[in-house]
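Please walk through this protein with the structure open beside the text.

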Amino acid sequence: MTKQLRRRKARIAAIWSGVLAGVAAAAAMTTVMAGSATAATTLGASAAERGRYFGTAVAANKLSESAYTTILNREFNSVTPENEMKIDATEPNQNQFNYANADRIVQHARSQGMQVRGHTLAWHSQQPGWMQNMSGTALRNAMLNHVTQVATHFRGQVVAWDVVNEAFADGSSGARRDSNLQRTGNDWIEAAFRAARAADPNAKLCYNDYNTDDWTHAKTQAVYRMVQDFKQRGVPIDCVGLQSHINNQSPYPSNYRTTLSSFAALGVDVQITELDIEGANATWYRNVVNDCLAVPRCNGITVWGIRDSDSWRASQTPLLFTGAGAKKPAYDAVLQALNNGVIPTTSPTTGQPTTPPPVTTPPPVTTPPPGPGGCTATVSLQSWTGGFVATVRVTAGSSGTNGWRVTMTLPSGATITNAWNTTRSGNTGTVNFTNVAYNGRLTAGQTTEFGFQGNGVGTGMTPTCTAT
Ligand code: G3I
């Protein structure tokens, strides 16, 4: 073969390899494009591709309606019981719990592989009559007992709880809403979150409210400051729920994305929890979805009902399906916005790569020795025939604590059934209660509370506190 021929062959080979590389690249591109060409056809599937959920509020009494469940099962991968987990539904009489309707929804969701958002553990509204008539320590303890019992019942089945709902006032004050719960003391919200964490350590704990969409509103700012404060002080909070009931009086705000990203920057997830839009304005629906997709920690959207006829404000036709179950233009806008969203290569919730990072040995934890200031503890009791709830307040001495242990001897015959914000050594006789991860470290004079519920008579317990 001449030199010239060899060169020509090499050139042809180079051209071919270029062509083949081009074909391969084109094939690879086709694979990527095929992802968008075969766009998801349901809301849940499209959201899931983007590491998110798309959910709806569900009413237990509609689960027997096939027109309803057909849409539910096809479109959504998350459900929130609309009324069935509320206080009046789950504890109609004090200490008598009824989970029948909530359990039906949870069972349905699980059978369809959907996740469940819990709504809601502590709220000024939809309280049963017995709770409406309570105040002070009795109400505080009843509320904590409710949080504990309900979160324990659904432990492992609810991915996120609206622990506290609608605790801030509307208008320009930025104040807490007045309510019987608020009157038990400003710390009622954090007490509820701590009880929920103790009862279900794996559920995400959210604060949920409405009229918190516009970043400039006093109510939004007030909720923001509370979440910031909770994060700074180690109060367990994982997420903020924006209900987003949007209507012509409270239109979609152009700074909605700022609101979502500002909350997310505090280190919490953001969830749009009760979305509905008066007249189902397709542009506003699209904007909401685009805003959520633009914020990595906005990890899910729930619409507050399936068909317009299912809505709490049906006359405003605010949902994605007509009463007859047909998809509305807003549905198409939402699905299209979801499908146009980037498919992340990192987890939207954590911002971490989807492949786990290499394992590294954590640095040794050095704990300073216990301070000489010790701690003290007092107990207050809420009793009824056959049972009691004890609330124990731990106060750090002059040096603060790294951890604490409270020892108490229960009266004979008394048995602990459950406890919150503490780890306990047993349930009868002399019991040691130690701090949990988030409430052991107290500065001088700082207090924290834990509690437990028991059968029998709880009077006469004397707590002793040791700083550890
Ligand atoms: O089930 C009874 C029925 O037996 C009775 O005949 C009828 C007569 O009034 O009432 C029915 O109960 C109603 C229940 O919805 C079920 O439809 C209640 O009266 C009614 O008050 C209740 O309204 C719920 C509302 O919360 C109560 O505050 C809505 O369904 C529910 O969508 C709505 O949801 C709230 C969120 O929890 C929190 N954010 C705001 C959102 C909208 O208000």
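Buried means under 20% relative accessible area, exposed means over 50%, and partly exposed lies in between (1.4 Å probe, protein chains only). By that scale Gln 126 is partly exposed, because its relative accessible area is 27%. This is a predicted model, in which local features need pLDDT of at least 70, side-chain atom pairs count only at pLDDT 80 or more, and totals for chains, interfaces and linings use all residues. Residues are numbered from 1 along each chain as its sequence is written, and side-chain values use heavy atoms, with hydrogens and water left out.

Start with helix H5, residues 100-111. Helices (H or I, at least four residues) and strands (E, at least two) are DSSP runs, numbered from the N terminus. H5 has 12 residues and spans 16 Å from its first C-alpha to its last, close to the 16 Å expected at 1.5 Å a residue. The expected span is 1.5 Å times one less than the number of residues.

Which residues of H5 are buried? They are Ala 102, Ile 105, Val 106, His 108 and Ala 109. Seen down the axis of H5, these buried residues fall within an arc of 160°, so they line one face of the helix. The arc is that of the directions from the helix axis to the C-beta atoms. An α-helix has 3.6 residues a turn, so residues three or four places apart point the same way. The face of H5 turned away from the buried side carries the exposed residues Arg 110 and Ser 111.

What covers the buried residues of H5? The cover includes strand S1 (53-58), helix H3 (66-75), strand S2 (78-81) and strand S3 (115-123). Contact here means heavy atoms within 4.5 Å. Just after H5, Gly 113 takes a positive phi of about 70°.

Now turn to H3. Its buried residues are Tyr 68, Thr 69, Ile 71, Leu 72 and Glu 75. Down the axis of H3, they fall within an arc of 160°, so they line one face of this helix. The cover over the buried residues of H3 includes helix H2 (43-49), S1, S2, H5 and helix H12 (329-340).

Go on to strand S3, where Thr 120 is found. The peptide bond from His 119 to Thr 120 is cis, with omega near 0°. Gln 126 lies in the loop between S3 and helix H6 (129-132). Phi of Gln 126 is near 50°, a positive value in a residue other than glycine.

Glu 166 also has a positive phi, about 55°, although it is not a glycine. Glu 166 sits in the loop between strand S4 (160-165) and helix H8 (188-199). Its relative accessibility is 10%, so Glu 166 counts as buried.

Next comes the second largest pocket, with a volume of about 270 Å³. Of the 16 residues that line this pocket, the closest to its centre are Glu 166, Gln 243, His 245, Glu 274 and Trp 312. By class, the lining has four nonpolar, seven polar and five charged residues.

Finish at Arg 233, in helix H9 (residues 218-233). Arg 233 is partly exposed, with a relative accessible area of 38%. Not counting residues up to four places away in sequence, Arg 233 touches Glu 190 and Arg 194.

How values were computed. 1 Å grid on protein atoms, 1.4 Å probe; cavity = no way out; pocket = protein on both sides within 12 Å on 5 of 7 lines; lining within 4 Å. Points joined across faces, edges and corners; volume = space filled by probe spheres on them. Nonpolar A, V, L, I, M, F, W, Y, C, P; charged D, E, K, R; others polar.
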